[in-house]
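Hello,

I am passing a structure on to you, and my notes on it follow below. Please have a look at it before you read on.

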Amino acid sequence: MDKSLDPIIAIVGNVREDPAAAGAAETLGRELAKAGVRILVYSSGADFLEGRIVRGYVSTRLATRQSIQVRYPLHGQKPAFPEQETNGELFDWQPDNRPDWEMSFYQSLGEVDGILLMGGGDSTMIAGMVAMGHGIAVLALASFGGKACKVWEALRPGRDLPTADEISLMARPGWGDEQAAQCAKALRAQIERKAERKRQQRLEELRQETSITWHAVFALAVFVLAVVCVPISWGWPLPYISSIWLLFMSPLLAGVAGSTIRLVFDLRQGSALLSRQSTITTAALGLIAGGVAGLLFITAQVTTAPPSAAAGTIVSPEQVRKLVPFGILVGFIAGLTLDAVFRKLIASDVVDLSAVEARKHP
């Protein structure tokens, strides 16, 4: 198994704020090693949290190769942990050549799975807020004072990864091995919770992509059916009544095709919500828009056409065949732009009431 895939926890803070902090940090280091996570440290200073965490982490003999990642400025002072003399294989040295070390430090928080905060000053508080912004696991031990307490106060269950019980755990007094184990377990639980959220989000994205694909297939099938009406009307000797039905039905099919193609386009752009109701409603509106636009077009063409010589017919079979592709185009455009079509229809005045309105206001 590739140990580089194990979760990594950033260690930030100091042990100056509380006399019990140093012992608690060693206990936490042991429990983090038992939990099978890697740690990211930045300094080996006596007052910083990292040194105590590393001591406890290494003492378990459970730490794996390069499970302690060390970030430090290339042109600055390199951290020196006593444990590296006898356990050098556990350390993964990561020098950074960026001139702004603080920027490098805060950016590294976007690459970790969690952060452990204890004591500390303003940089600890900012690191906690950055971590919360990245939506990673947070363990802010408020019972040891410092600015980690400010981060703890900002945590909210539901918005952030920690639950209400886990937030309460971070501030409990009376530190001991059991509480340290619970804190390490809480960190691991938060990481698993985030992974599950990502998995569910990915499944939802896959479901939406599959549904969009089926919508596209449906739109393509209806469009092909509408277009097939053209070679049928031009190439087959259909009875007159069948030609009339084909003329009036093809814009309806084209309207459904246009509206569903528009829906697929909006779904791909993320400007529409995917639901069964929206699909049926869009197809119905496309059918109506295509039917109304096609009816207006066909009526205008038929009423202005020369009279047919055939008895019992208003328009000749030849003209019917010629109108089919135009009806399909009109229906498709109406379905594709159905919002504009309905706005135009609603705004249209069927009856001119200007004379009546003029008499009301002499």
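Is Arg-61 buried or exposed? With a relative accessible area of 65%, Arg-61 is exposed (buried means under 20% relative accessible area, exposed over 50% and partly exposed in between, with a 1.4 Å probe and protein chains only).

Before the rest, a word on the model. It is a predicted one, in which local features need pLDDT of at least 70 and side-chain atom pairs count only at pLDDT 80 or more, while totals for chains, interfaces and linings use all residues. Residues are numbered from 1 along each chain as its sequence is written, and side-chain values use heavy atoms, with hydrogens and water left out.

Back to the loop. Arg-61 sits between helix H2 (49-59) and strand E3 (68-73); helices (H or I, at least four residues) and strands (E, at least two) are DSSP runs, numbered from the N terminus. Most residues other than glycine have a negative phi. Arg-61, however, has a positive phi, near 65°. Gln-66 also has a positive phi, near 55°, and is found in the loop between H2 and E3. Gln-66 is partly exposed, at 39% relative accessibility.

Next comes strand E1 (residues 8-13), where six of six residues are buried. E1 pairs with two strands (two strands pair if DSSP finds at least two bridges between them):

- With strand E2 (residues 38-41), E1 runs parallel over three bridges, and Ile-8 has Arg-38 as its bridge partner.
- With strand E5 (residues 114-118), E1 runs parallel over five bridges, and Ile-11 stands opposite Leu-116.

E1, helix H1 (residues 21-34) and E2 also form a right-handed β-α-β unit: with the strands pointing away from the viewer, the path from the first strand over the helix to the second runs clockwise.

Finally, the largest pocket holds about 310 Å³ of space. A pocket is an open set of points on a 1 Å grid over the protein atoms alone, where a 1.4 Å probe fits, with protein on both sides within 12 Å along at least five of seven lines; lining residues have an atom within 4 Å of a point. The volume is the space filled by probe spheres set on the points. Of the 17 lining residues, Val-12, Tyr-42, Phe-48, Phe-105 and Ser-123 are the closest to the centre of this pocket. E1, helix H3 (101-108) and helix H4 (122-134) each supply at least two lining residues, and H3 gives the largest share, four.

Best wishes
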